[in-house]
Amino acid sequence: CLDRGLIAMSEETWATIAQLDAVTASVQANADAIMSLEGVVSTNANDADAAWLILCGALVFFMQAGFAMLEAGIVHPKNMTNILFKNICDASIAAICFWLVGYGFAYGDSEGGFIGKTNFGLDLIYNGVGEGGSDGWHGWVFQWAFTG
């Protein structure tokens, strides 16, 4: 910082300068620590977003069970099994169709601003782990809950 031999100041002033240097070093260390945490916060935010979408998708999908119970309560008891099976088939076929074409139509690259022409069978969604993360499966599950 400053050289004591070149500048004439009281010992109290030199002590204050030393304290300021220590505080400056401490602030810089804290700033470096905060910068290193930004990546962790970003990762946690993405994970929280994914968890929220999955949770909300599950809540929406539980409406299927409610509709199944409503329909089962309305029909004659001998037809209850058929109604419940129809609801399971409905959700299963909706998942397959939405995976094959629906998500691509809704979220693929637009063809003339009307309908998607890519991402059929979710071929553009990364299905790995590590650096890439999952970039769309949680979104697909959330949207599928509404299609079923």
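**Notebook: helix packing in a predicted model**

Started with helix 3, where I find His138, Gly139, Trp140, Phe142, Trp144 and Ala145 buried. I note that this is a predicted model. Next I asked what the buried residues of helix 3 pack against. They pack against helix 1 and helix 2.

**Overall layout.** I stepped back to look at the whole chain. I get three helices and two strands, and from the N terminus the order reads α-α-β-β-α. The chain has 148 residues, and 20% of them are buried. I also checked contacts between residues at least 6 apart in sequence: 34% of these join residues at least 24 apart.

**Helix 2, by itself.** Helix 2 covers residues 80–107, and I see a bend of about 60° at phenylalanine 98. Which residues of helix 2 are buried? My list is Ile83, Asn87, Ala91, Ala94, Ala95, Phe98, Gly102, Tyr103 and Gly104. So the residue at the bend, Phe98, is itself on the buried list, given the 20% limit on relative accessible area. I then looked up the partners of these buried residues: helix 1 (11–74), strand 2 (115–116) and helix 3 (137–147).

**Helix 2 with helix 3.** I have the two axes coming within 9 Å and crossing at roughly 120°. Helix 2 and helix 3 are therefore oblique to each other. I noted the crossing as right-handed. On the helix 2 side the contact uses Ala91, Ala94, Ala95, Phe98, Trp99, Tyr103 and Tyr107. On the helix 3 side I wrote down Trp137, Trp140, Gln143, Trp144 and Thr147. Sorted by class, this contact gives me 10 nonpolar residues, two polar and no charged ones. Phe98 turns up here again, as a contact residue and as the site of the bend.

**Helix 1 with helix 2.** How are these two arranged, roughly parallel or roughly antiparallel? Their axes come within 9 Å and cross at roughly 155°. That angle is over 145 degrees, so I put helix 1 down as roughly antiparallel to helix 2. The crossing is right-handed. From helix 1, I listed Phe61, Gln64, Ala68, Met69, Glu71 and Ala72. They meet Met80, Ile83, Leu84, Lys86, Asn87, Asp90 and Ala91 in helix 2. I count this contact by class as eight nonpolar, two polar and three charged residues. Ala91 is in this contact and also in the one with helix 3.

**Glycine 73.** I looked this one up in helix 1. Buried or exposed? Glycine 73 has a relative accessible area of 63%, over the 50% limit, so I call it exposed. I also took the C-alpha separation from glycine 73 to isoleucine 83, which is 9.8 Å for two residues 10 apart along the chain.

**Asparagine 119.** I found asparagine 119 in the loop between strand 2 and helix 3. Its relative accessibility is 7%, so it counts as buried. What does asparagine 119 touch, leaving aside its neighbours within four places in sequence? I have Tyr103, Gly104, Gly108, Leu124 and Ile125. Tyr103 and Gly104 are also on my buried list for helix 2. Most residues other than glycine have a negative phi.

Methods. Residues numbered from 1 in each chain as written. Predicted model: local features only at pLDDT ≥ 70, side-chain atom pairs only at ≥ 80, totals over all residues. Heavy atoms only, no water. Bend = angle between axes of the 7 residues up to and from the residue. Helix = DSSP H or I, 4+ residues; strand = E, 2+ residues; numbered from the N terminus. Buried < 20%, exposed > 50% of the residue type's maximum accessible area, 1.4 Å probe, protein only. Contact = heavy atoms within 4.5 Å. Axes fitted to C-alpha atoms, helices over the stretch in contact; angles between N-to-C directions. Parallel < 35°, antiparallel > 145°, perpendicular 65-115°, else oblique. Left-handed = near helix turned anticlockwise from the far one by under 90°. Nonpolar A, V, L, I, M, F, W, Y, C, P; charged D, E, K, R; others polar.
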